[in-house]
Amino acid sequence: MTACALQTRGLGLDYGAFTAVGAVDLQVMPKTLHALIGPNGAGKTSFFNLISGRYAATRGAVELDGVDITKMPARSRIRHGMARSFQITSLFLERTVRENLELAALGCKAPPLLRFWTDWSTEARRLDGIDGVLQELELAKLADRPVHVLSHGQQRLVEIGMCLVAQPHVLLLDEPLAGLGLADIPRVAELLMRLKSHYTVLLVEHNMRVVMKVSDRVTVMFQGQVIAEGPPAAIREDAEVRRVYLGSQA
Amino acid sequence: MRFYLVLFALALTAPFFTGSLSTAGVVLVFAIAAAACNLLLGYAGILSFAQGSFFGLGSYAVGILLTTWPGLGLLALPLCVLGGALLALCIGLLSTRQKGIYSVMITLAMAQLVFFAALSFPEWTGGENGLLDVPRPTLGLGRWLNDTQEHYLLVAVLFVVALAVLDRMTRSPFGRVLDAVRDNETRAEVVGFHVPVVKLQAFCLSGGITALAGALYALQLRSAPLSSIDLMTSESILIMSILGGRRSMLGAAFGALAMILMGEMLSPIWPRWQMVVGAVLIGMVLFAPDGLAGLWQRLSARRRTAPDRPSHMQQEAP
């Protein structure tokens, strides 16, 4: 058995007396797409924020490539190969697509004290991988448009692009399909399929059809706990999952 | 290129606008302070009431250094920059831990603390009288220029250098990240930037350059008055920055010029002239939030598009 790219052991979070995430054990294998599903309020996003370091865990541990990163601040995790996207698009709206990607590329390698004597444009030219990501996401034509004029779907792609330029090995995607129009969904689903050949992906998503199609493994959360885990086909047939989650659709 | 031309032109012509070399010197000194304030206000998005503390620290530091060791000469200036940056580090360490209004309140409280510290150590600062008889370092150009001209030359050169350095900073990786932090702090953090350190860096750079302005001010007056470290100085610097345009280093210079010219022209007519400044400030904030620099940009944009308009109308006419 190969080592996990990402692993949690008994990871949990309390908000005062309320337990948002119980004690979750999760193992994500390298170069696979692992989806995290569950009804609203199941604790997916909280769990996601524990992994990405936005919230401090109440208990348990997170390991990235076998290294304990539980106490590592969010901004350092990116330097250790973990990048995350946001459910609600969070971009530098005044900047162009290219500049957003450049800032993301600079962020993962810049020293804490930033250079204030060199010119940005010469510095930016030295950042590599930007054009590749623009090609991959089919954003090359929009590269010099400010982000706030793009459509929602395009902004979601920039959001993913900002993770990719950091050249991570683990990619955390928080509802990349949220709010997308019907026309954009197959495009992003296809992108997810392509991403998993290069990256380890942990995905939180509500769109079941896409999750079942692209995932290698699915973990189902309910009330802060994992209630099922397995390949998509098995999850679809799981009686417990059907009861709490797919109930209305089954 | 045009930026440098305007800088030089301003440094050369300021004495004609203001009528004297000494007033022109004060304009350029405050232009440096307002431009350094822009780095925080316009780029980092930090409202700091401690700008006067950095300014006053520079004034006192140059006074103490040059009265104690007159041989230091111009070397006193970089020491003042260092002192300003250190004070900014102390204040910034406290204020950048908080966000929004709390961070503003901390700079305000610290500014008051620094003011009363200056008042409480009269053996260093001269207390309410200020520090008198600050000697000016000589540039060694006495054969061609008198003392006033020599000092103006020093101020003008440092004005051009300081604004050029600040302008360069805004176009550096540091400046871009400041913009990003102002735009979306959470994202800047997640992308990997250490936001508190970036803000602290902005504080130190702004504080150092503001202290340089304060030092030049004391040399200009040949004294370091207590008023150079009070809250009113912080406010004046902020007003100049907003009047001129907080996202333009040249704008800051014109903000300083406008503010000081208003004072020169109005104070003999009406002792309450600052009410006029208040009204102008409100007007600018409401109708030209990007200050004089923004007005200028709007005007030149209109001029550029104006020739197009007739041809458009011809095309549309049947």
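In strand S2 of chain A, the residue that bridges to Leu11(A) is Val24(A). That pair is a handy place to start a walk through this predicted model.

**The antiparallel sheet**

Leu11(A) and Val24(A) are bridge partners, and the strands concerned, S1 (residues 6-15) and S2(A), run antiparallel and are joined by 7 bridges. They belong to an open sheet of 4 strands in chain A, ordered S2-S1-S4-S5 with antiparallel pairing. At its edges you will find strand S2 (18-28) and strand S5 (67-68), each of which pairs on one side only. As a reminder, strands of a sheet pair through backbone hydrogen bonds, either parallel or antiparallel.

Now move along to strand S7 (residues 170-174) of chain A, where 5 of the 5 residues are buried. In a regular strand the side chains alternate between the two faces of the sheet. In S7(A), Val170(A), Leu172(A) and Asp174(A) point one way, while Leu171(A) and Leu173(A) point the other way.

S7(A) has parallel partners in S6(A) and in S8(A). The table sets out the two pairings.

| Strand paired with S7(A) | Residues | Sense | Bridges |
|---|---|---|---|
| S6(A) | 82-84 | parallel | 3 bridges |
| S8(A) | 200-204 | parallel | 5 bridges |

Between S7(A) and S8(A) comes helix H7 (residues 185-195), and the three elements make a right-handed β-α-β unit.

**An enclosed helix**

Is helix H1 (residues 44-52) of chain A enclosed or open? It is largely enclosed by the rest of the structure, because 8 of its 9 residues are buried. Those buried residues include Phe47(A), Phe48(A), Leu50(A) and Ile51(A), and also Lys44(A), Thr45(A), Asn49(A) and Ser52(A). Gly53(A) follows the helix, with a positive phi near 90°.

**Chain A as a whole**

Stepping back, chain A holds 10 helices and 10 strands. Its C-alpha atoms fill a box of roughly 60 × 40 × 40 Å along the principal axes. The radius of gyration of chain A is 18 Å, which agrees with the value near 18 Å for a compact globule of 250 residues. Of those 250 residues, 44% count as buried. Among contacts in chain A with a separation of 6 or more, 68% come from residues 24 or more positions apart.

The chain is divided into domain 1 (1-81 + 168-187 + 196-250) and domain 2 (93-167). Their C-alpha centres lie 26 Å apart. Where the domains meet, 10 residues of domain 1 are in contact with 9 residues of domain 2. On the domain 1 side, these divide into 6 nonpolar, 2 polar and 2 charged residues.

**Where chain A meets chain B**

How many residues does each chain bring to the contact between A and B? Chain A brings 27 residues and chain B brings 24 residues. On the chain A side, helix H2 (74-77), helix H3 (97-107) and helix H4 (120-125) each supply at least two residues. H3(A) gives the most, with 4 residues. By type, the chain A side divides into 17 nonpolar, 3 polar and 7 charged residues.

Definitions and conventions:
Residues numbered from 1 in each chain as written. Chains lettered and ligands numbered in written order. Predicted model: local features only at pLDDT ≥ 70, side-chain atom pairs only at ≥ 80, totals over all residues. Contact = placed C-beta atoms within 7 Å. Nonpolar A, V, L, I, M, F, W, Y, C, P; charged D, E, K, R; others polar. Domains from an automatic or database assignment. Rg over C-alpha atoms; globule rule 2.2 N^0.38 Å. Buried ≥ 20, exposed ≤ 12 C-beta atoms within 10 Å, placed from the backbone. Pairing = 2+ DSSP bridges. Right-handed = clockwise from strand over helix to strand, strands pointing away.
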